[in-house]
Structure formats: C-alpha cells, structure tokens
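This briefing goes through one protein model by topic. The sequence and structure come first, followed by the overall figures and then the local details.

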Amino acid sequence: MFEEKKFPKYSFAMASSKARGYCDKAERSHQMVRNKLIQWGLSYSDREQIISSLIQEDLLNEERFAQAFANDKFRFNHWGIRKIEMALKAKGVSERNIKDAIGRIAPEEYRVALVELVQKRWEREKLQDVFQKKNKVARYFISRGYQSSLVWNILESY
C-alpha cells in the first residue's frame, strides 16, 4: 500500500520563510501555496496571513502564474487551449485569470503551431488508409486540448 508522506509541523516563522523560498523558485497559484501550507500543518489564520504577505511582497501573483503557465504549456508542451484551461482550473486559478492568460495566445500563432504539429504527426503516422490516419491524428490533437473544429479544418487538406 501507499504510505502518505508526512511533513513536520512548522512554526509560523519557519513556514513563512519556507513559503517565500517556495514562491521564489517558480510562479505558484494561491491554491498550490495553500496546499503546501496545509501539508505543513498550519492553521487557517496562519495560512491566510502568510498568503496575504506573499501577495503584498509580489512573490505570489495568480495572474502572472496563469500567464506563465499558459505560455509555457503552449510553447514547450504543445498543449491546446482546452487542456491549458482545464489544468489552470485544477490549480484553482480564477476564471478571469484563465481567460486573460488564454487570451494572450495569439490566434494566428496558435493555428500556425497546430498546422506544423499536424504536419509532423501526419508524416510519422504509419497507417496507409487516409481515413484511419486522419482519425488517429485528429484524436491525438483533440486529446492534447485543441478544438476539434480547428483540427478537422486543418486535416481537410490532407
């Protein structure tokens, strides 16, 4: 069976210091920091006080996190908008910040990137039947979070 990882309980000062370091290393959402503070055994009031101080010091900025996350997942992991949106929701990011982050992805850049990715995937696919090949490629990109209408529109030319 799996053993639950046990974290030691930290004092307020120690947890505050560790939370600063946690936010210094990478952009974090409020929920990610809140979960870490819960793991460290802090009370509700202590958690909220630490989060408030991190926000005031600009170490914790959910808008900046959402934009960096969306940008990185699109550019490096080649995720579609829907997958990015679902991942941000899972991280507890607000709807407004999700819309802003996704809105920063240029539609033309998004389409050009998808066309290039479809081309590469099409060339790698070994199936001979064009219908099966299109279905397989389309399913792959739809599962990566790209809109089905856009994927099928691009595949029409194959």
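This is a predicted model: local features need pLDDT of at least 70, side-chain atom pairs count only at pLDDT 80 or more; totals for chains, interfaces and linings use all residues.

Residues are numbered from 1 along each chain as its sequence is written, and side-chain values use heavy atoms, with hydrogens and water left out.

**Overall fold and dimensions**

- The protein has nine helices and zero strands, where helices (H or I, at least four residues) and strands (E, at least two) are DSSP runs numbered from the N terminus.
- The radius of gyration is 21 Å, whereas a compact globule of 158 residues would have one near 15 Å; the radius is taken over C-alpha atoms, and the globule rule is 2.2 Å times the number of residues to the power 0.38.
- The C-alpha trace spans about 65 × 40 × 20 Å along the principal axes of the protein.

**Burial, contacts and charge**

- Of the 158 residues, 35% count as buried (buried is under 20% relative accessible area, exposed over 50%, partly exposed in between, with a 1.4 Å probe and protein chains only).
- Taking contacts between residues at least 6 apart in sequence, 60% join residues at least 24 apart; a contact means heavy atoms within 4.5 Å.
- There are 30 positive and 21 negative side chains, and the centres of the two sets lie 5 Å apart.
- In this count Lys and Arg are positive and Asp and Glu negative, with His and the chain ends not counted; each charge is placed at NZ of Lys, CZ of Arg, CG of Asp or CD of Glu.

- Ser16 is located in helix α1 and counts as buried, at 9% relative accessibility.
- The C-alpha atoms of Ser16 and Arg47 are separated by 8.9 Å, while the two residues are 31 apart along the chain.
- Helix α2 (residues 30-39) has Met32, Val33 and Leu37 buried. They lie on the same side of α2, because they cover an arc of only 135° around the axis; the arc is that of the directions from the helix axis to the C-beta atoms.
- The buried residues of α2 pack against α1 (12-25), α3 (44-56) and α4 (62-75).

**Loops on either side of α4**

- Asp58 lies in the loop between α3 and α4. Its phi is near 65°, a positive value in a residue other than glycine, and Asp58 is partly exposed with a relative accessible area of 42%.
- His78 lies in the loop between α4 and α5 (81-90). This residue is not a glycine but has a positive phi of about 55°, and His78 counts as partly exposed at 34% relative accessibility.

**Helix α5**

- Ile81, Ile84, Ala87 and Leu88 are buried in α5. Their arc around the axis is only 130°, so they sit on the same side of α5.
- Arg82, Met86 and Ala90 are exposed on the other side of α5.
- The packing partners of the buried α5 residues are α4, α6 (95-103) and α7 (107-124).
- Just after α5, Gly92 has a positive phi of about 80°.
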